[in-house]
Amino acid sequence: MYVIEAIRARRSTRAFRPDPVERDKLTAILEAAARAPSWANSQPWETFVATGKTLARIKEGYLEKYASKTPPAPETPLPVAWTQAAKDRRNRLNEGMVRACGDAAKQFGALNQGMFNAPAVAYVCIDKVLSHWSLHDVGAYAQSLMLAACEKGLGTIAAITLALYPDVLHQEMHIPDNLKVTIGIAIGYIDKEHRINDFVSERAPFDETTHFFD
Ligand SMILES: Cc1cc2nc3c(=O)[nH]c(=O)nc-3n(C[C@H](O)[C@H](O)[C@H](O)COP(=O)(O)O)c2cc1C
């Protein structure tokens, strides 16, 4: 698969088949992701991958948090403001999903809360002393991971909902206190029967986000 082909083929998967992902495939995509660029090759990422019983316990812990209406406490603060352009694009995302997926779009919240039924989630952490710059490195790592997964025939989604309750993650995976969870990336085989996966997100017109100066 060529790179631009993979970039265009990747999209967020919001419903996975329960089949486990082979360990060698997970290892291959995580090793590929670690080839991402980082400031001075600092490689700030430290990734905790939950599958099987561990992921089941995390899911249970999250469902308890949702049931008790515990306020989310992600270790990277949630955004406090959005530009109007960003708000408009978010609205278009919601409208587009309803158009493409019909009633399945109503399951958006439940699928998020149920961790998309993913058989594996990679939680990407960085040390708390690191600056915002290291999040650039994590972004590059995350996209590399998702593209590598795409080549292996796997779906992925980077989701903040997966990182809303870090206390559960620290406890279940023994994540040391000096690390913070930046994002969760669900990985697995795409449930092609689920209509939520029919959705293809749009992009802003090229000229709106890109400016050339000769
Ligand atoms: C940092 C980050 C957080 C995200 N959090 C969520 C989330 O919590 N739930 C969700 O359904 N999608 C989440 N997404 C997926 C975005 O909605 C998705 O990437 C965007 O709509 C573009 O669609 P595409 O990935 O299919 O191209 C997140 C993506 C990123 C990069």
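How do the residues of the lining of the largest pocket divide into nonpolar, polar and charged?

Analyst: Some ground rules before we dig in. This is a predicted model, where local features need pLDDT of at least 70 and side-chain atom pairs count only at pLDDT 80 or more, while totals for chains, interfaces and linings use all residues. Residues are numbered from 1 along each chain as its sequence is written, and side-chain values use heavy atoms, with hydrogens and water left out.

On to your question: the lining splits into 22 nonpolar, nine polar and nine charged residues. Here Ala, Val, Leu, Ile, Met, Phe, Trp, Tyr, Cys and Pro count as nonpolar, Asp, Glu, Lys and Arg as charged, and the others, Gly among them, as polar.

A pocket is an open set of points on a 1 Å grid over the protein atoms alone where a 1.4 Å probe fits, with protein on both sides within 12 Å along at least five of seven lines; lining residues have an atom within 4 Å of a point. This pocket has 40 of them, and Ser12, Arg14, Trp82, Leu93 and Ala158 lie nearest its centre. Helices H1 (3-9), H4 (84-101), H5 (108-113) and H6 (133-151) each give two or more residues to the lining, as do strands S3 (155-159) and S4 (179-188). H4 gives the largest share, six residues. Those labels are DSSP runs numbered from the N terminus: helices (H or I) have at least four residues, strands (E) at least two.
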